[in-house]
Amino acid sequence: MHAHFLDPYIQRASPIHRLDPRIKLVLAIAFIFTTALTPPGAWPAYVLLFSMVLAVELLSDLGVGYVLKRAVLALPFVLAAVPVLFTLGGPALVSLPVGRWTLELSQPGLERFLSIALKSWISVQMAIVLASSTSFPDLLVAMRAIRIPRLLVSVFGLMWRYLFVLADETLRLMRARTARSGQSDLPGLKTGGSLLWRARITGGMAGSLFLRGIERSDRIYMAMVSRGYDGEVRSLPLPALRPTHWLVLVCGLGILVLLLLLAYLV
Amino acid sequence: MHHSIVVEDLSFSYSDGHTALRDVSLSIQPCEKVALVGPNGAGKSTLILHLNGILKGQGRVHVCGLDVTDKNLARVRAMVGLVFQAPDDQLFSPTVYDDVAFGPLYQGLPQSEVEQRVQEALAAVHMSDYARRVSHHLSVGEKKRIAIATVLSMKPEVLVLDEPTAGLDPRARRSLIHLLAELPLTMLVSTHDMLMARELFPRLVIMDEGKVVADGPTQALMDDIELLEAHGLERP
Amino acid sequence: MLYSPEPMHIPDGFLSVLVSILLWVASILVIAYALRRVSRDLDERKIPLMGVLAAAIFAGQMLNFTVAGGTSGHLMGAAIATILLGPWAAILVLTVVVGVQALIFQDGGLLVLGANIFNMGVIGVAVSYMAYQTVLRLSGGRKWGIFAGGFIAAWLSIFIAALAVALQLALSGTSPANLAVPTMGGIHALIGIGEGLITLGALAFIYAVRPDLLSAGKESRGSGVLVWVVGLLIALGLAIASPLASAHPDGLEWVAEQKGFLDAAQGPLYSIIPDYVFPGMSNEALATILAGILGALIVFGAAIAIAYARRSRQQTDQTPEP
């Protein structure tokens, strides 16, 4: 009855888990940035990038299967890049007659498509490792470290706190609707009501969620005020980074720069 | 007209691995009124969610003459009226009328029939004047009664309620108990309210840790203090 | 997963670095301004309010209703957020929603997060605001204005944002404009109807229960006009640019091809090692093989490291207590 399965954080004792969240966030973004900068068709670079993310997955003790399974979710968008197989000019590899037209699969097109697909797949794996190896409170610390304004970070925090409560409420609302979605034994009746009616009911459920959310936020505000809240966001200073973590950061960034240079040299 | 519930060897585990039901078997005859009691986490709510197919476990669930399978879900839901614990999540329409009308409307019944059913359902819960009221603004007791009405309008054969008296003040509780006493349906009620169980329900089923640990006449079971205490219950 | 993403959250790898960075800059500028406005205009309740509403929008996206057969309608929430909170707070709320979606659920990439925030948070909100205020004014504040305005605002927020996504994909060379624009436009014209209907239902509920909340979206004259004008410009701009781009893809393709050309050109430009080292095997193939070997070593090393860490942990667990 709970939506706790929404939280992707899996607790493990791996070196990745122990790494300071600020370092992890910066390295993850740097990795994705590096991946994005590698030119299309730089296969050696892609192999190395994939090995790196695979190595991180292993080190994180999350299970490569777990990460790859979640990575599949990003796949559907790849359909958006399919046309590039046929529209980018160049020597044709395969010709597919479709009705009146002939689709020509070109080599540059294939190269571009595969590059996009691979880069996207590699990037999302790193993002998954980041999310699954870092608890949300730690991610908030990382956000503060990269200078995201405290007001925004507070909103992130509150959203996360009430996300599961509201997700539970949504689940129960949908269950209540399902429980009353029956079929009469009288013959010849169309079940389900009209599309408009179903949309209105669903909208009503959304409205109910928002309304209860707004009223709940009043109660949260009262609880905050009772503990001295005055509108100003105050938080403890962030702990200093340990030398080991600095080392990891510098090495990580160094490796990425090296990889990028390699990608352009070959 | 079957009006019955039969559960055979039902087992269920949640996706996080927690086993909520272990080989639960239960048989409720037409027009029987049964109270389901047990500590929190015993599996009472989980069992209830199997009765109209919201959850699917291993084993057989048979309600009102139909197997609860994907094929029959729509029919099952028309015949089993499930009233949830938190009325807020059950009342999702702006007005009382809309909520009570949802069931019959979904079934595609003609407008006149829907009207009539809403009137009857509201009358059965003694809230006929509330049709135009906004559900959101009602008290907990009123919401609980409206929630029952939303299910009665479907004219179910079996009524299943999850903690109907939880959170009610003595007056609202008394009025709800009167209401349940009046309804002539087959009834299964999950509750912590042992006084109500003794007052209204001749048969008691005790659950603990996902299993049925006792099933028999309420009076007899409630005299067995050891049994009650062993499963986190108190004699009323 | 219960939550099914809309086809509007762009993953990493689909936008060029240039487009990603430009949209990040644009988003950051708008967010910074929105933060200033919200800090100044809203009272202390704003943080819990925005937090819970962000959670409500996220949870609301789990809601669905059967449209036809297997498809279902969902909610994005820009319009309803704008109507309930006003444009500036809505921008922040949607930033948080899209941010959490990307960071925690990988629904949308991290590098392209700036673009996703801009499309759904900025464009979605500005266009919603413009449409809603316009219809509301036209109706003189009457009930039909609220509902018609809500529906149109919701539909437009989805449709115009989708056009923006299509153009961004085209400019990045990921998808040709003459295919991306009509496809994204067409699909989201339909999805927008679902958004419109759910928004309508939500407004009807709120109007019935707490109509006072619907007047909260009023903005002060100054910034209200600003948002309205920006919303109009964006909507018109994209509405005009999109058919142009699809009809004359050469323009956008030229840009993309220049970029693609640049990407490819950078290869030989920096090439120092001659093309063939071994007879019959190109430099590229050799490099790939070497990369494969190196990569395998890296992975192997990581596997050993974690196995070692696990073993030493087990040993310390098994060490008897003194």
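Mentor: Angles under 35 degrees count as roughly parallel, over 145 as roughly antiparallel, 65 to 115 as roughly perpendicular and the rest as oblique. This is a predicted model, where local features need pLDDT of at least 70 and side-chain atom pairs count only at pLDDT 80 or more, while totals for chains, interfaces and linings use all residues. Residues are numbered from 1 along each chain as its sequence is written, and chains are lettered from A and ligands numbered from 1 in the order in which they are written.

Trainee: How are helix 2 of chain A and helix 7 of chain A oriented to each other: roughly parallel or roughly perpendicular?

Mentor: Helices (H or I, at least four residues) and strands (E, at least two) are DSSP runs, numbered from the N terminus. Axes are lines fitted to C-alpha atoms, for helices over the stretch in contact, and angles run from 0 to 180 degrees between N-to-C directions. Helix 2 of chain A packs on helix 7 (residues 136-145) of chain A at about 70 degrees, with the axes 8 Å apart. The two helices of chain A are therefore roughly perpendicular.

Trainee: In which crossing, left-handed or right-handed, does helix 2 of chain A pass helix 7 of chain A?

Mentor: A crossing is left-handed if the near helix is turned anticlockwise from the far one by less than a right angle, and right-handed if clockwise. For helix 2 of chain A passing helix 7 of chain A, the crossing is right-handed.

Trainee: Which residues of helix 7 of chain A make the contact with helix 2 of chain A?

Mentor: Two residues are in contact if their C-beta atoms, placed from the backbone, lie within 7 Å. Helix 2 of chain A brings A:P21, A:R22, A:K24 and A:L25. Helix 7 of chain A answers with A:D138, A:L139, A:V141, A:A142 and A:A145.

Trainee: How many residues of chain C are in contact with chain A?

Mentor: Chain A puts 85 residues into this contact. The count for chain C is 85 residues.

Trainee: Which helix gives the largest share of the side of chain A that touches chain C?

Mentor: Several helices of chain A supply at least two residues each, including helix 3 (43-59), helix 8 (150-179) and helix 9 (195-226). The largest share is 23 residues, and its source is helix 9 of chain A.

Trainee: How many residues on the side of chain A that touches chain C are charged?

Mentor: Ala, Val, Leu, Ile, Met, Phe, Trp, Tyr, Cys and Pro count as nonpolar, Asp, Glu, Lys and Arg as charged, and the others, Gly among them, as polar. This side of chain A has 62 nonpolar and 15 polar residues. Its charged residues number eight.

Trainee: How many residues of chain A are in contact with chain B?

Mentor: Chain B gives 28 residues. Helix 2 (73-79), helix 3 (96-106) and helix 5 (140-152) of chain B each give two or more. By class, the side of chain B that touches chain A has 14 nonpolar, 10 polar and four charged residues. Chain A's own count in this contact is 25 residues.

Trainee: Is B:L109 buried or exposed?

Mentor: A residue is buried if 20 or more other C-beta atoms lie within 10 Å of its own, exposed if 12 or fewer, and partly exposed in between, with C-beta atoms placed from the backbone. B:L109 lies in the loop between helix 3 and helix 4 (111-124) of chain B. Beyond four places in sequence, B:L109 touches A:S184, A:L189, B:P104 and B:V114. B:L109 has 21 C-beta neighbours inside 10 Å, so the class is buried.

Trainee: How do helix 6 of chain C and helix 7 of chain C run: roughly parallel or roughly antiparallel?

Mentor: The axes of helix 6 and helix 7 (residues 177-209) of chain C come within 7 Å and cross at roughly 155 degrees. Their contact holds 24 nonpolar, six polar and one charged residue. These helices of chain C are therefore roughly antiparallel.
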